[in-house]
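Let's take a friendly walk through a protein model. Have a look at it first, and then read on.

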Amino acid sequence: MSEQSTASPLPRAIDRLWERRAELSPDDAEARAVVVSAIDLLDLGKARVAEVAGDDVVVDERAKRAILLSFTVLGMIRSQVGDFQHHDRHPLKTTFEGVRVVPGAIARWGSYAAPGVVLMPSFVNIGAYVGAGTMVDTWATVGSCAQIGRDVHLSGGVGIGGVLEPPGAVPVVVEDEALIGSRAMIVEGARVGRGAVVGAGTILSATIPVVDVQTGEELGRGRIPDWCVAVGGTRPKEFPGGTFGMPCVLVIKRLEPGRRHDKAALNEVLREHGVNT
């Protein structure tokens, strides 16, 4: 569930620019200054695209509008890092207070990484928020506007999808203390609950059902509950051409809320079902 934030820290001028966005161009210095100032607030973590409020994800539509406007009011520029040449509208991020950035990591301006974050060779896109103490492991991708909580581990090759349009669309959210296994894909505004463990290779989108294996109950779509272990699975569905396995996510174990993950014990649980982290 989502709603527009009523307390955006970004100026109302963003909304006025949005109304006349078809008229804007990189030649409009005043508009460019407003948008750059707004993206700077995202870059510093003083504004964010979305936050969890109770059971809802509250989207700051103005923040997403600012990002979309930046593609209109910023011109293409050439830049260089070592021997690598770039040609883009957005520069790379330069604010990394308290963050470990391993060579090969790329974060775009307008993304935020809190103190204690570790960025292995990975990619963090504009509008993304990465909470304190989180590890973004090798070749992991944090898509545009994705919201990653504190003390999360995004294992190697994890794909966190991005959402920019429409402006009010809910981004992917991974809540505090979650562990996402290697090569898992969390996309289309899906949500991983606090303390959840997601097995390697699991795919979760907004339409994929999440099923409790102990009861057979469908818990919903696109959201893995708090404090559980979940893995990718299939369930049979009848079609005119036969019975085929359709993707789902299976909740195979409930965890004690608030207890730190014992990785050895978790791996044992996952191996019982032929997967790991």
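The model is predicted: local features need pLDDT of at least 70, side-chain atom pairs count only at pLDDT 80 or more, and totals for chains, interfaces and linings use all residues. Residues are numbered from 1 along each chain as its sequence is written, and side-chain values use heavy atoms, with hydrogens and water left out.

Start with helix H3, residues 61-73. Helices here are DSSP runs (H or I) of at least four residues, and strands are runs (E) of at least two, numbered from the N terminus. Eleven of the 13 residues of H3 are buried, so the helix is largely enclosed by the rest of the structure. Among them are Ala 63, Ile 67 and Val 73. Buried means under 20% relative accessible area, exposed over 50%, and partly exposed in between (1.4 Å probe, protein chains only). At the N-terminal end, Asp 60 caps H3, with a side-chain oxygen 3.1 Å from the backbone nitrogen of Arg 62.

Next come the rings. Rings of Phe, Tyr and Trp (its six-membered ring) pair if their centres lie within 6.5 Å; planes under 30 degrees apart count as stacked, over 60 as edge-to-face and the rest as tilted. The count comes to two aromatic pairs. One of them is Tyr 112 with Tyr 129, tilted, at 5.1 Å centre to centre and 40° between the planes.

| Residue | Relative accessibility | Class |
|---|---|---|
| Tyr 112 | 16% | buried |
| Tyr 129 | 17% | buried |
| Leu 92 | 40% | partly exposed |

Finally, Leu 92 lies in the loop between strand E5 (84-88) and strand E6 (100-101).

Note on methods:
Expected span 1.5 Å × (residues − 1). Polar contact = N/O pair within 3.5 Å; in protein donor to acceptor, adjacent residues only side chain to side chain.
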